[in-house]
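These are my notebook entries on a single protein chain. I recorded what I looked up, entry by entry.

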Amino acid sequence: MLLFGVGPSFAQSNATNATPPQAPAAGTTAAQPVDPNPGAMTLTGSVDFLNQYMFRGIRQNSTGLVTWPAADLGIAAFNGKGGLKSVGINLGTWNSLHTGHTGVDGPSGKLWYESDFYTTLALGFGGGVSFATTYTAYTSPNSGFSNVKEFMFKAAVDDSAHLGKGAVKPYVIIAREFDTAPGVGQADAGNKAGTYMELGIAPGYAGAKASFAIPVKVGLSLGNYYELNGVDSTFGFFSIAAIVTVPLGPTTNFGGWNLHGGAEFQKLGDTTTSFNGGKSTQVIGSFGIGFTY
């Protein structure tokens, strides 16, 4: 997840989206009435197409089309009735393919810009409270950026039981880069390993025919995450998006499939504006297909 224009800079989510590196406008799966796979393992996958890839406000391409293939294996390791309600483990891969100057049209001539591996341990508690720890290795098959290693911690509250349709599902993320050197292994290609913080909400509505989500988030530097010319900017970006997910028929023995699409608006800080060619805003459009089994 690094930006070609500013030295190694890097991409992804979404893993915002907890995920695998966080995707700007990736879809969310609509509620499904029947589960053909009631076991302890769940496989999800998606392919998304975007006009622009922004990783935590840092631009990853300025030309061409971006494609995001992703796959995730979720394991329900524990379910209980005490203070600890659940333990989940996720293993996954997230990738970004570029046709523009950070891909096929770039120095390497190769499409595969980013390949990430992540693993998550998630703990669920009473009252909808959850805490997850994720390790992610961000790599670039076409040498668009230096490898980045990161631990991310996410605390979230699902307030649906209390607020119903008015639930906002707040969360906070703190991520720390490690095993770095000046200009190497960092999202901003800076001199020091960075610490990132994200505050967000994820209100939405899930129906039988479609689901809607309006995620809002703010990306901040807790230290050296948005460095530029030796100066660290606290504010990285503000984002608001609108996402629609439509199931492709009922869930079957082949899983539940969906089409999703969305639009995202980002307002950038000083450092991320510089990385974005001097433009302080960015609009991202996406559409894709996903499945859960």
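**Entry 1**

I began with Phe178, which counts as partly exposed because its relative accessibility is 30%. The model is predicted, and I read every value below with that in mind. I then looked up the ring pairs and found 13 aromatic pairs in the structure. One of them joins Phe178 to Tyr135; the pair is tilted, with 45° between the planes and 6.2 Å centre to centre. The two residues are 43 residues apart, Tyr135 in strand S7 and Phe178 in strand S9 (residues 171-178), and the pair thus links distant parts of the chain. Tyr135 is partly exposed too, at a relative accessible area of 22%.

I also noted a cluster in which ring pairs link Tyr53, Trp68 and Trp94.

**Entry 2: The chain as a whole**

I next recorded the overall figures. The protein chain has 18 strands and 2 helices. It comprises 293 residues, of which 44% count as buried. The chain exposes about 12,700 Å², and carbon and sulfur atoms supply 66% of that area.

**Entry 3: Salt bridges**

Side chains of opposite charge can pair when their charged atoms come close.

In one, the side chains of Glu150 and Arg56 meet at 2.7 Å, N to O. Glu150 lies in strand S8 and Arg56 in the loop between strand S2 (54-55) and strand S3 (58-59), so this pair ties together parts that are 94 residues apart in sequence. Are these two partners buried or exposed? Glu150 is buried, because its relative accessible area is 1%. Arg56 is buried as well, with a relative accessible area of 5%.

The other salt bridge is formed by Lys149 with Asp179, whose closest N and O atoms are 2.9 Å apart. Lys149 lies in strand S8 and Asp179 in the loop between S9 and S10, so the pair ties together parts that are 30 residues apart in sequence. I looked up the accessibility of both partners here also. Lys149 counts as partly exposed at 31% relative accessibility, whereas Asp179 counts as exposed at 55%.

**Entry 4: A nonpolar patch and strand S8**

I then examined the surface for nonpolar patches. One of about 610 Å² is made by Phe78, Leu84, Phe125, Val129, Phe131, Phe151, Phe153 and Val157. Which strands each supply at least two residues of this patch? They are strand S7 (129-139) and strand S8 (148-157). The largest share, 3 residues, comes from S8.

I checked one member of the patch individually. Phe153 is placed in strand S8 and counts as partly exposed because its relative accessibility is 35%.

I also recorded a contact between a charge and a ring: the charged end of Lys154 sits over the ring of Tyr171, at 4.8 Å from the ring centre.

**Entry 5: Asn276**

I turned to Asn276, which is placed in the loop between helix H2 (270-275) and strand S18 (281-292). Is Asn276 buried or exposed? Asn276 counts as buried, because its relative accessibility is 2%. Leaving aside neighbours within four places in sequence, I listed its contacts as Met54, Arg59, Leu268, Thr281 and Gln282. I also looked up its separation from Ser62: the two C-alpha atoms are 8.3 Å apart, while the residues are 214 residues apart along the chain.

**Entry 6: Backbone angles**

Most residues other than glycine have a negative phi. I looked for exceptions and noted two residues.

Lys169 is not a glycine, yet it has a positive phi of about 50°. Lys169 is found in the loop between helix H1 (160-163) and S9. Lys169 counts as partly exposed, because its relative accessibility is 35%.

Ala189 is not a glycine either, and its phi is positive at about 55°. I located Ala189 in the loop between S9 and strand S10 (195-201).

Notes
Residues numbered from 1 in each chain as written. Predicted model: local features only at pLDDT ≥ 70, side-chain atom pairs only at ≥ 80, totals over all residues. Heavy atoms only, no water. Patch = residues over 30% accessible without salt bridge, like charges linked within 9 Å, V, L, I, M, F, W, Y side chains within 5 Å. Areas by Shrake-Rupley, 256 points an atom, 1.4 Å probe, with all protein chains shown as cover. Salt bridge = Lys/Arg side-chain N within 4 Å of Asp/Glu carboxyl O. Helix = DSSP H or I, 4+ residues; strand = E, 2+ residues; numbered from the N terminus. Buried < 20%, exposed > 50% of the residue type's maximum accessible area, 1.4 Å probe, protein only. Phe/Tyr/Trp six-rings, centres within 6.5 Å; stacked < 30°, edge-to-face > 60°. Lys NZ or Arg CZ within 6 Å of the ring centre and 35° of its normal. Contact = heavy atoms within 4.5 Å.
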